[in-house]
Amino acid sequence: MVWTKVLAQEDLPAGSRQVVKVAEQKVLLLNQAGTIYAVSNVCPHLKLPMKSGKVTPEGDIVCPFHRSAFKLCSGEVSQWTPFPPGVGKVLGMISKEQKLPVFPTKVEAGSIWVDVAA
Ligand code: FES
């Protein structure tokens with residue numbers, strides 16, 4: 001494990017999100033009701049930013065562009081490019097279906113840590 005301190009815990013209150021750069025990776029940190037997640041801010045479909053993606057009640061983060069949905073906890077694909085209707089399926093063929101990278105996090109001594117090497 002290679003832990004990197006990324007933020008003070010108080011800088012990511014419940015319901016907030018922030019993008020940080022760790023070892024050349026853009027990492028999106030989300031505080032969902034006190035649980036901290038770290039996922040790539042780069043959608044695996046067309047490499048567009050995930051930052052404004054909605055989180056569903058099922059715990060998926062949805063890309064704001066073609067609405068691919070990924071499990072926040074594992075990065076597994078729940079849906080691949082369903083949007084826009086009809087066209088999304090064609091756009092989805094541009095790159096093969098793949099997981100959103102997710103990274104382990106921990107809170108220690110008032111700081112949030114991320115391991116992007118895992
Ligand atoms: S860029 Fe995210 S689904 Fe297309």
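Colleague: In the protein chain, what share of the contacts with a separation of 6 or more comes from residues 24 or more positions apart?
Modeller: This is a predicted model, where local features need pLDDT of at least 70, side-chain atom pairs count only at pLDDT 80 or more, and totals for chains, interfaces and linings use all residues. Residues are numbered from 1 along each chain as its sequence is written. Two residues are in contact if their C-beta atoms, placed from the backbone, lie within 7 Å. Of the contacts with a separation of 6 or more, the share from residues 24 or more positions apart is 37%.

Colleague: In what order do the elements of the protein chain run?
Modeller: Helices (H or I, at least four residues) and strands (E, at least two) are DSSP runs, numbered from the N terminus. The protein chain has one helix and eleven strands. From the N terminus on, the order is β-β-β-β-β-β-β-β-α-β-β-β.

Colleague: How does the radius of gyration compare with the globule rule, and what is its value?
Modeller: The radius is taken over C-alpha atoms, and the globule rule is 2.2 Å times the number of residues to the power 0.38. For 118 residues the rule gives 13 Å, and the chain comes close to that, so it is as compact as a globular protein of that length. The C-alpha atoms fill a box of roughly 50 × 25 × 20 Å along the principal axes. The radius of gyration itself is 14 Å.

Colleague: What percentage of the 118 residues is buried?
Modeller: A residue is buried if 20 or more other C-beta atoms lie within 10 Å of its own, exposed if 12 or fewer, and partly exposed in between, with C-beta atoms placed from the backbone. In the protein chain, buried residues make up 27%.

Colleague: Which residue in S3 is the bridge partner of Val19?
Modeller: S2 (residues 17–22) and S3 (residues 25–32) pair in the antiparallel sense over six bridges. They form a hairpin with two residues between them, and Ala23 in the turn has a positive phi of about 45°. The partner of Val19 is Leu28.

Colleague: And in S9, which residue is the bridge partner of Ala38?
Modeller: S4 and S9 run antiparallel and are joined by two bridges. The partner of Ala38 is Phe103.

Colleague: Which residue in the turn between S10 and S11 has a positive phi?
Modeller: Four bridges join S10 (residues 105–108) to S11 (residues 111–115), and the two run antiparallel. S10 and S11 form a hairpin with two residues between them; the positive phi, about 50°, belongs to Ala109.

Colleague: Is Ala33 buried or exposed?
Modeller: Ala33 is found in the loop between S3 and S4 (35–40). Its phi is near 50°, a positive value in a residue other than glycine. Ala33 has 6 other C-beta atoms within 10 Å, so its class is exposed.

Colleague: What is the phi of Arg67?
Modeller: Arg67 lies in the loop between S6 (60–62) and S7 (69–71). Arg67 is partly exposed, because it has 17 other C-beta atoms within 10 Å. Most residues other than glycine have a negative phi, and most peptide bonds are trans. Arg67 is not a glycine, yet its phi is positive, at about 60°.

Colleague: What is the omega of the peptide bond from Phe83 to Pro84?
Modeller: Pro84 is found in the loop between S8 (77–79) and H1 (87–91). The bond from Phe83 to Pro84 is cis, with omega near -10°.

Colleague: Which residues does Glu97 contact, leaving aside its neighbours within four places in sequence?
Modeller: Glu97 is placed in the loop between H1 and S9 (102–103). With 13 other C-beta atoms within 10 Å, Glu97 is partly exposed. Its C-alpha atom is separated by 8.0 Å from that of Pro44, 53 residues apart along the chain. The contacts of Glu97 are Val77 and Trp80.

Colleague: How far apart are the C-alpha atoms of Pro49 and Lys26?
Modeller: Pro49 lies in the loop between S4 and S5 (54–55). Pro49 touches Asn41 and Val42, not counting residues up to four places away in sequence. Pro49 and Lys26 are 23 residues apart along the chain, and their C-alpha atoms are separated by 9.1 Å.

How values were computed. Two strands pair if DSSP finds at least two bridges between them.
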